[in-house]
Amino acid sequence: MAGKEDGKYAVCLLGPTASGKSRIAMQLAGAYAIEIVSVDSGQVYRNMDIGTAKPSAAERASVAHHLIDLVEPTESYSAGRFRNEAIAAIEAIFARGRRPLLVGGTMLYYRALAQGMDELPQADPAIRAALDAEAADRGWPALHAELAIVDPKTAARLAPTDAQRIQRALEVYRSSGSPLSSLHTATRVELPFVMTAFALVPADRAKLHAKIAQRFDAMLAAGLIDEVESLRTRHTLNANLPSMRCVGYRQVWDYLEGSIDRTALRDKGIIATRQLAKRQLTWLRSLPGIEVLDPENPGTLQTLKSALAS
């Protein structure tokens with residue numbers, strides 16, 4: 001196996017939002033010469049700090065973090081690009097004689113890294129524009145229902161409000177005539193290092209839901225609304241951009257547009273974050289070779305330390 005002979009081992013720490021990944025990662029960094037590679041599709045955007053729970057300036061000063069602040073909120077960032085840049089970052093960390101720790105909750109990114117990418121049709125701006133127009137007229141749940149007819153397998157794993165992925169699945173179908181699920185044919189691609197993956201999965205879901213609510217309240221108190229207002233001032237944004245579809249940003253956008261009040265913003269933000277956590281857990285159950293750990297178990301930290309020390 002590539003990487004095994006030369007001792008190149010990477011550890012990946014996955015889990016749903018608010019499960020304690022960042023806290024445990026910083027504890028591990030205090031014990032080992034670690035550099036952290038973000039596996040988070042929201043943290044790639046510059047100036048989207050509060051709503052994506054980016055590591056603080058102090059944390060980034062004490063531990064090197066990679067794949068954060070890569071693109072503007074007006075741009076897109078793909079799983080394929082993540083795979084290439086993650087491999088490059090991990091190889092550079094090894095070259096410096098340090099240990100890479102991958103941390104995040106974007107399971108699509110993890111799958112792309114661990115299993116490789118499928119050969120899918122390129123983005124078609126005309127089809128995307130048509131889908132945006134249809135969504136504005138009929139709503140994304142209606143397009144999700146359409147997807148369920150032509151690609152029930154993909155529709156079953158997407159929420160009716162998951163605009164970005166519904167759009168991509170319908171775009172693939174309309175451009176190729178084939179459902180997205182039938183094109184997922186990539187076989188495992190051997191990486192130039194060995195990767196061991198763990199998932200933090202809280203045993204008590206009620207506690208996870210409480211932490212989600214506390215964290216969203218903390219984001220609002222820290223200035224999430226002001227952050228989105230500033231982004232709207234500095235950039236030409238719209239609600240259909242991948243950056244503005246991120247949980248929290250979507251709800252603040254609606255609040256700033258006047259379609260919901262402050263109470264609804266909080267309620268919808270918490271509900272959307274819970275739904276995100278549920279999707280992340282569903283993803284985790286479908287991914288092979290991941291050891292599940294309870295973040296509240298005192299032995300979890302030692303298990304991860306042993307993995308990094310091996």
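This is a predicted model: local features need pLDDT of at least 70, side-chain atom pairs count only at pLDDT 80 or more; totals for chains, interfaces and linings use all residues.
Glu-171 has its place in helix H8, which covers residues 163-176. With a relative accessible area of 0%, Glu-171 is buried, because that class takes in residues under 20%. Leaving out residues up to four places away in sequence, Glu-171 touches Gln-122, Ala-123, Asp-124, Ile-127, Arg-128 and Leu-131.

Ala-53 is found in a loop, the one that runs between strand S2 (34-38) and helix H2 (57-62). Its relative accessibility is 24%, and therefore Ala-53 counts as partly exposed, the class between 20% and 50%. Apart from neighbours within four places in sequence, Ala-53 is in contact with Gln-43, Arg-215 and Met-219. The C-alpha atoms of Ala-53 and Phe-216 are separated by 9.9 Å, although the two residues are 163 residues apart along the chain.

The two residues are set out below.

| Residue | Relative accessible area | Class |
|---|---|---|
| Glu-171 | 0% | buried |
| Ala-53 | 24% | partly exposed |

The second largest pocket has a volume of about 490 Å³. Its lining is made up of 20 residues, and those that lie nearest the centre of the pocket are Trp-140, Thr-161, Arg-250, Gln-251 and Asp-254. Two or more residues of this lining come from each of helix H5 (125-138), helix H6 (140-150), helix H11 (249-256) and helix H12 (262-286). When the lining of the second largest pocket is sorted by class, ten residues are nonpolar, five are polar and five are charged.

Note on methods. Residues are numbered from 1 along each chain as its sequence is written. Side-chain values use heavy atoms; hydrogens and water are left out. Helices (H or I, at least four residues) and strands (E, at least two) are DSSP runs, numbered from the N terminus. Buried means under 20% relative accessible area, exposed over 50%, partly exposed in between (1.4 Å probe, protein chains only). Contact means heavy atoms within 4.5 Å. On a 1 Å grid over the protein atoms alone, a cavity is a set of points where a 1.4 Å probe fits but cannot get out, and a pocket is an open set with protein on both sides within 12 Å along at least five of seven lines; lining residues have an atom within 4 Å of a point. Grid points are joined across faces, edges and corners, and a volume is the space filled by probe spheres set on the points. Ala, Val, Leu, Ile, Met, Phe, Trp, Tyr, Cys and Pro count as nonpolar, Asp, Glu, Lys and Arg as charged, and the others, Gly among them, as polar.
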